[in-house]
Amino acid sequence: MDKDSMSDILLDVRELDVSFDTHTGKLHAVNKISYAVREGEVMGLVGESGSGKTVSSYSILGLLKPPAVINGGRVLYKGRDILGLSNKEAAAIRGREISMIFQNPMSCFDPVFTIGSQMTETVLANDKTASKAEAAARSIDMLREVSIRNPGQLMRRYSYELSGGMLQRVMIAMALLCKPKLLIADEPTTALDVTIQAAIIQILKKLQKQHNMAMLYITHNFGIVAEICDRVSVMCGGYIVEQGSTDDIFYSSAHPYTQLLMKMVPRMDTPLSEPLPYIEGLPSDPTALGEGCVFCTRCPYSRDICREKKPPEVSLAPGHTASCWLRADNASAESGRPSV
Amino acid sequence: MNGKVLRSDRAGGIWKDALRRFCANRIAVISLAVFLLICLSCALAPWLTKYSYTAINVHNTLAKPSAEHWLGTDNLGRDILTRTLYGGRMTLRIAFASTVTALIIGSVIGLAAGYFGGRFDFLISPVMDIVASIPVILLALVFEAALGWGRGNFMYAIAIAAIPQFARLVHVCAASVMGSEYIQAARALGVGPFGIISRHIIHNVAPALIVRFTGALAESMLTCTVLGYLSIGINPPTPEWGNIIYHARNYIRLAPHLMIIPCAAISLTGISVSLAGDGLRDALDPRGELPAARGLTAGFLSLFKRRGAAN
Amino acid sequence: MNAGDLLVVENLKKSYKVRDKTGRRMLIKAVDGVSLAVLRGETLGLVGESGCGKSTFGRTILRLTEPDSGRIIYDGADITRADMRPYRRRMQIVFQDPYGSLDPRSRVYNIVEEGLRANFPKYSADRLREIVMELLESVGLEASHAYRYPHEFSGGQQQRIGIARAIAVEPEFIVCDEPVSALDVSYQAQIISLLKRLQDTLSLTYLFISHDLSVVRYISDRIGVMYLGKLIELGTSEEVTLYPAHQYTKALLHAVPAADPRAGRAKVYKLTDDIEDLSIPEKGCRYCRLCEKAAPVCFEEEPILREVAPGHSCACHIL
């Protein structure tokens with residue numbers, strides 16, 4: 001999907017660095033990562049658990065709490081650095097400009113209040129000019145947009161009465177109430193059945209196009225990435241190891257980690273006789289990272305240099321970069337600056 | 001949060017981690033030290049004091065603290081320090097005995113209800129509810145009246161009044177353990193009821209139980225002193241913090257230290273054991289996962305916890 | 001029943017009485033008359049969405065929940081109401097929630113050893129330790145992991161601990177209840193490979209329960225599809241995934257995301273949870289309300305499983 005290169009960059013994450021101070025050591029969750037999301041574009045942030053994708057998204061909205069420490073970097077939203085904002089200033093952006101949906105919808109709702117009251121509260125909190133009736137009407141419209149057949153009745157229900165799939169749709173509706181420009185989706189379908197997942201992805205796609213909303217979609221499933229994302233950033237152990245358009249990543253992936261992750265998605269069309277490939281070993285312990293590439297211990301192609309030095313970020317095509325020593329030899333390392 | 005990548009090389013156990021957390025909490029450590037010091041001093045009263053707690057000396061009544069009598073003397077010339085230590089010995093002994101008894105009986109009841117469920121639920125509700133609704137002072141009066149005054153029968157009342165909280169706690173913990181998948185796994189493996197109880201239920205119930213014990217101990221102690229003050233409990237001349245206060249009330253203007261000292265002793269003991277209990281709870285259950293071990297307010301507030309919702 | 005059948009289930013039924021939010025008592029028929037057979041050495045996949053009864057089915061055949069009616073025949077013996085003690089060792093289960101299925105206050109060593117102590121009381125402490133260490137190694141863990149607690153491990157490792165516990169007692173049959181649904185894609189592949197390897201080395205028979213057809217396909221020889229308590233399709237993996245007969249199976253297949261940006265999604269079938277009231281219709285096929293091809297007969301008569309091809313049966317009027 002070709003995006004007009006003239007469209008504005010909405011979210012620009014530059015050299016973001018976050019670590020956690022734990023009693024076993026400093027856990028470097030996010031290591032100077034950079035990515036950009038354009039207006040109306042869907043960026044996928046892919047990686048295993050512990051790769052730092054959720055932490056980086058939380059830091060955008062200022063949701064990190066101690067022992068998390070932001071060591072450096074900038075997060076520019078519409079040109080303005082939102083990383084160091086006070087809670088009040090950040091709250092003004094949350095919900096109105098940037099919204100977020102989470103993996104576990106149940107924990108985002110208050111079981112004591114009805115869905116309707118929580119939705120109208122959201123509208124009223126972000127739009128001081130709206131009246132209660134307006135807020136209710138907007139909520140019902142939004143619920144209809146997420147394919148809920150009986151929105152009026154749903155407004156009177158409580159969160160514990162609804163199934164996971166329905167709650168997730170309600171959460172999407174709530175997040176979109178104030179028409180944000182950017183939606184951060186943190187593994188919203190991981191906990192759901194495959195059929196519900198398919199329906200939710202369809203809803204998200206439809207809404208994204210309708211409202212020309214940018215999305216940062218965090219997942220560990222490449223199947224979903226293929227369906228919904230325009231660009232992809234692959235994270236491993238706190239580093240971005242490859243970045244590019246969806247076509248680049250799927251048809252000309254450059255990093256061994258990306259390739260392996262993609263191969264592990266069980267597909268309906270591969271012959272049954274082939275065994276399912278998998279990555280040996282466990283994700284590296286973030287408190288004990290060595291000097292070399294973050295993937296070297298599990299990479300089937302690792303060589304000595306991989307263990308000794310961090311690979312530089314190599315540009316393979318316009319907009320497609322990978323941090324791998326294999327590519328550093330071959331491709332022209334135009335942007336020779338190391339990724340660390 | 002699933003999939004934690006944190007792996008420590010120390011094969012430290014859950015209990016060791018808890019110990020480490022507790023020791024890092026200065027207030028908790030100090031409180032525990034103070035409480036243990038108080039208990040120890042009271043227990044060793046016979047060896048720490050040179051006077052007898054009944055030694056009356058009418059020539060030296062209401063004396064101020066001096067080298068002879070570190071805390072002064074009371075209206076009958078008895079050494080206050082001695083009486084305070086012996087008083088504490090009595091109060092604390094009663095508190096410990098009744099709380100431990102209540103813990104044992106309450107745990108058995110709670111375990112039966114939690115493990116078997118269904119037909120044993122009646123034990124918790126209504127039986128424990130009824131017991132819990134009887135005021136302890138009334139119960140003490142009943143026991144004293146029925147079994148003879150002044151012979152320490154009120155202690156049964158204190159123990160009985162403390163049973164429901166343990167029964168309910170153990171019931172909740174045991175029921176939640178029984179509902180979890182690892183118990184199903186144990187059943188699938190062919191582990192019998194004894195194995196399930198001794199292995200799984202006990203070490204999952206223990207943390208909350210320990211914390212509750214400290215709270216119950218403070219409560220029992222207070223109840224004992226109140227009964228002593230009302231003359232339903234231990235009677236003079238045997239010192240007990242409650243009855244010391246009662247007899248000191250007449251001298252509140254002449255010699256306020258007669259009343260202040262036992263009150264301070266009770267407060268200090270109560271506060272230190274409560275703070276130590278708080279520290280224990282934070283050490284054993286840092287994420288607030290254990291049921292019913294949280295305070296009322298914390299438990300209530302956690303119902304409203306939102307996980308960074310989009311507004 | 002054939003000689004090769006390890007497990008035969010006949011018309012199993014299990015219902016739960018619940019109260020809905022208005023206080024009315026409702027009967028949820030979790031498993032409503034399911035019959036199937038599992039051959040020795042095979043992997044039978046059981047697929048369906050949440051709430052279709054597959055997990056309940058798995059637990060009921062192990063007698064972790066008591067069935068209401070029907071028969072369970074294991075290795076020729078009717079165990080529907082029998083004393084399970086001699087059979088417990090032979091039939092095991094791996095759970096969906098890797099952390100929830102482990103006692104958070106037990107060390108890994110004790111977790112794995114528990115079954116051994118219950119079933120082989122004569123083993124000495126040394127022998128037990130030897131076996132536990134071997135087991136940990138066979139599931140890809142290290143000896144040093146034995147003295148740690150479950151929370152110190154990742155989801156994939158916790159699941160390995162659960163598997164080690166299950167194979168410790170040398171079972172013949174294992175119910176895998178959505179063992180990879182709660183794991184990252186990278187761990188899914190590892191665990192499935194582990195399960196396959198163990199099946200070969202230990203001659204195991206699996207009932208593999210999942211909601212994800214793409215995963216089930218990899219490990220199963222035959223697949224059964226469940227919907228709202230009934231088995232609606234049963235056949236070899238190839239037959240069911242390449243030539244699905246039931247509309248619901250087709251919906252499940254289409255729901256799996258293809259890892260190919262250029263392949264659009266053909267269509268997405270209606271959501272089950274749109275139906276506010278998930279109760280089973282009085283008569284007719286359970287799926288008729290959502291089915292694209294529903295005909296009048298579908299609303300009247302409940303279809304029964306009939307053979308549509310050799311070794312492939314389906315419960316549908318429209319074929």
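C:Glu113 touches C:Leu128 and C:Val132, once neighbours within four places in sequence are set aside; contact here means C-beta atoms, placed from the backbone, within 7 Å. This is a predicted model, in which local features need pLDDT of at least 70 and side-chain atom pairs count only at pLDDT 80 or more, while totals for chains, interfaces and linings use all residues. Residues are numbered from 1 along each chain as its sequence is written, and chains are lettered from A and ligands numbered from 1 in the order in which they are written.

C:Glu113 belongs to helix α3 of chain C, residues 108–119. Helices (H or I, at least four residues) and strands (E, at least two) are DSSP runs, numbered from the N terminus. Is C:Glu113 buried or exposed? It counts as buried, because 22 C-beta neighbours lie inside 10 Å. The scale is this: buried is 20 or more other C-beta atoms within 10 Å of the residue's own, exposed is 12 or fewer, and partly exposed is in between, with C-beta atoms placed from the backbone. C:Glu113 and C:Glu10 are 103 residues apart along the chain, and their C-alpha atoms are separated by 34 Å.

Staying in chain C, take helix α5, residues 155–168. Its 14 residues should span 20 Å at 1.5 Å a residue, and the end C-alpha atoms are 20 Å apart, so the two agree. The expected span is 1.5 Å times one less than the number of residues. Of the 14 residues of α5(C), 14 are buried, so the helix is largely enclosed by the rest of the structure. After α5(C) comes C:Glu170, with a positive phi near 60 degrees.

Further along chain C there is a hairpin, made by β11(C) and β12(C) with two residues between them. β11 covers residues 306–309 and β12 covers 312–314; they run antiparallel and are joined by three bridges. Two strands pair if DSSP finds at least two bridges between them. C:Ala309 is opposite C:His312 in β12(C). In the turn, C:Gly311 has a positive phi of about 75 degrees.

On confidence, chain C has a mean pLDDT of 87, and 93% of its residues reach 70 or more. pLDDT is the predictor's confidence in each residue, from 0 to 100. For the complex, the predictor gives an ipTM of 0.85 and a pTM of 0.82.

Now the contact between chains C and A. It takes 37 residues from chain C and 39 from chain A. Which elements of chain C give two or more residues to the side that touches chain A? They are α6 (185–202), α7 (213–219), α8 (237–242) and α9 (247–255). The largest share, six residues, comes from α6(C). By class, that side of chain C has 16 nonpolar, 10 polar and 11 charged residues. Ala, Val, Leu, Ile, Met, Phe, Trp, Tyr, Cys and Pro count as nonpolar, Asp, Glu, Lys and Arg as charged, and the others, Gly among them, as polar.

Chain A itself has 12 helices and 12 strands. Of its 340 residues, 53% count as buried. Taking contacts in chain A between residues at least 6 apart in sequence, 64% join residues at least 24 apart.

Chain A has an open sheet of four strands in the order β2-β1-β4-β5, with antiparallel pairing. β2 (25–38) and β5 (80–81) stand at the edges with a single partner strand each, so one side of each has no neighbour in the sheet. Helix α1 of chain A, residues 53–60, packs on the sheet and touches β1 (9–22), β2 and β4; its direction makes about 115 degrees with that of β1(A). Axes are lines fitted to C-alpha atoms, for helices over the stretch in contact, and angles run from 0 to 180 degrees between N-to-C directions.

A:Arg80 in β5(A) is the bridge partner of A:Tyr77. A:Asp81 is also found in β5(A). A:Asp81 is partly exposed, with 13 other C-beta atoms within 10 Å. Not counting residues up to four places away in sequence, A:Asp81 touches A:Arg74, A:Val75 and A:Leu76.

Last, chain B. Its secondary structure comes to 12 helices and zero strands. Buried residues make up 41% of the 311 residues in chain B.

Note on methods: Two residues are in contact if their C-beta atoms, placed from the backbone, lie within 7 Å.
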